[in-house]
Amino acid sequence: MGPPKPSITISQQAFDEMVKENIDDLQMDPTEALQDAIETLTLQGVDLSGIVTCKEDPVIRSRDRLKQLDSDWTERIADRKDVDEVVDLLDELTELCLMEGSGNAAIGTRNGGIKLICSVCLKLRGGSDRGLGSGLKALASLIHDVQSGDTFQRSGGPKMVMAILSDSSQSSNILNGGFSVVAAAAMGNEIVKESFMELKIDELMFQILRTHDKGSIHSLYDAIRVLLTPDDNRVVASQVYGYARRFAKIGIAEVLVDSLKEGLNSPSLVSATITLKAVAVNDEICRCIAESGGVDALLQCIDDSGEQGNENVARVCCSLLCKLAGSDANKSAIVQKGGMDRLIKLAARFSDDPSVLQEVMSIIAVLSLRSPDNAARAIEAGAGDLAIQAMQSFPGAHQMQRNACSMIRNLAVRNPENRTILLNNGIEKIIRKARENHESCNSAATDALRDLGLDDYNK
């Protein structure tokens, strides 16, 4: 599948001229002229995002007033009521840009909003936490796609944000706003990621994680995850793998494990778990996480999430444990710590939630890969019964069905005795039904049937 064709675009000036022609040449009233232009261009496939289509657009009104205040700024403004007006305008702009489906963020960025807010933030720097926090939130709400991220980059945004974050190490309000900007700007944008890493944002993040209440800076976790996600389809090879190694080298993995050790009492447990998965990019880092107590902490969180019925914690902890289980050294540790039994127990507690069941089966599949002993232990713990019951209970859950097929394959491929048990319990019919119902299961189901020893596995 090739890259999507670029949308047809139009400038604000061309749009305004089209409306004017409707009024002057076709004698339409202004409202009719505007609506005709919108309908005509939409039918032609023109992308109107960022085009001001109403006479008194609230985003433009806020921008114009902020621009005036920014240009009139003096050192004395901090003592006057103008600062309160600036903050109110920034909060209003944030609210407008976050209105789903409004297109307000595109209007703001297309009309110079990002450069303006960067200028305002620089002037607010060193002033009230509330004012700068509002400025950063407004900036984060404006950055909504790769193009606006590029504008942020050209406006000197990364250096500005890093300077603010370095200055404001004690303010959770400013830190949250700043890292929200980092996450928004770096999403899908390899150039912005590189800029922040060149400015050593990893070292700053490490220091903040060590010295602050981890639960108070929720956007920090989002920023790390985005920086380590290879999501820019404009580049052939992303550098995020190297960034993850840098994060691990300075000790962020161990700091994140500390959040896991706090268990379900930690407000940052879910965020830290998801972030740690982004850091765990190779065997060395996975082993380091385990050696820091990560496996013990995860298994305890899995136990507790089952007892408290917290499916969100159960899912993210299982997902991270699956990543760590990719290391052969960790596989043994997980099984030796009763991992198989604890996972089956978790599945029993969430027997009505296929999203948890699929994560459990994914871990068992990894633990059993190339390990006949672990595969035998999984069957003893009840993995075969889990697969049969789950696949029968949730025939429409395609990802769970696929994970079940992959698990069955790994349970059977090197264990003839497991094949006999599974086939005697009717697994063949269930797998064939999954393949019939879900195209996405075709490969996994066929492999499972083959490794169960069936000659007609491809029929």
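Asp 447 and Arg 450 are 3 residues apart in helix α28 (residues 442–451), so about one helical turn separates them. Helices here are DSSP runs of H or I with at least four residues, numbered from the N terminus. The side chains of Asp 447 and Arg 450 form a salt bridge (3.2 Å, N to O), a term that stands for a side-chain nitrogen of Lys or Arg within 4 Å of a carboxyl oxygen of Asp or Glu. Asp 447 is buried at 17% relative accessibility, whereas Arg 450, at 32%, is partly exposed. Buried means under 20% relative accessible area, exposed over 50%, and partly exposed in between (1.4 Å probe, protein chains only). Through shared partners, salt bridges join Asp 447 and Arg 450 with Arg 409 and Asp 451 in one network.

The model is predicted, with local features requiring pLDDT of at least 70 and side-chain atom pairs pLDDT 80 or more, while totals for chains, interfaces and linings use all residues. Residues are numbered from 1 along each chain as its sequence is written, and side-chain values use heavy atoms, without hydrogens and water.

The structure contains 24 salt bridges. One of them pairs the side chains of Arg 342 and Asp 303 (2.7 Å, N to O). Arg 342 belongs to helix α21 (residues 339–349) and Asp 303 to helix α18 (residues 294–308), so the pair ties together parts 39 residues apart in sequence. Arg 342 is partly exposed, with a relative accessible area of 21%.

A further salt bridge links the side chains of Asp 328 and Lys 331 (3.5 Å, N to O). Both residues lie in helix α20 (residues 328–336), 3 residues apart, which means a separation of about one helical turn. Asp 328 is partly exposed at 46% relative accessibility, but Lys 331 is buried at 5%.

How values were computed: Helix = DSSP H or I, 4+ residues; strand = E, 2+ residues; numbered from the N terminus.
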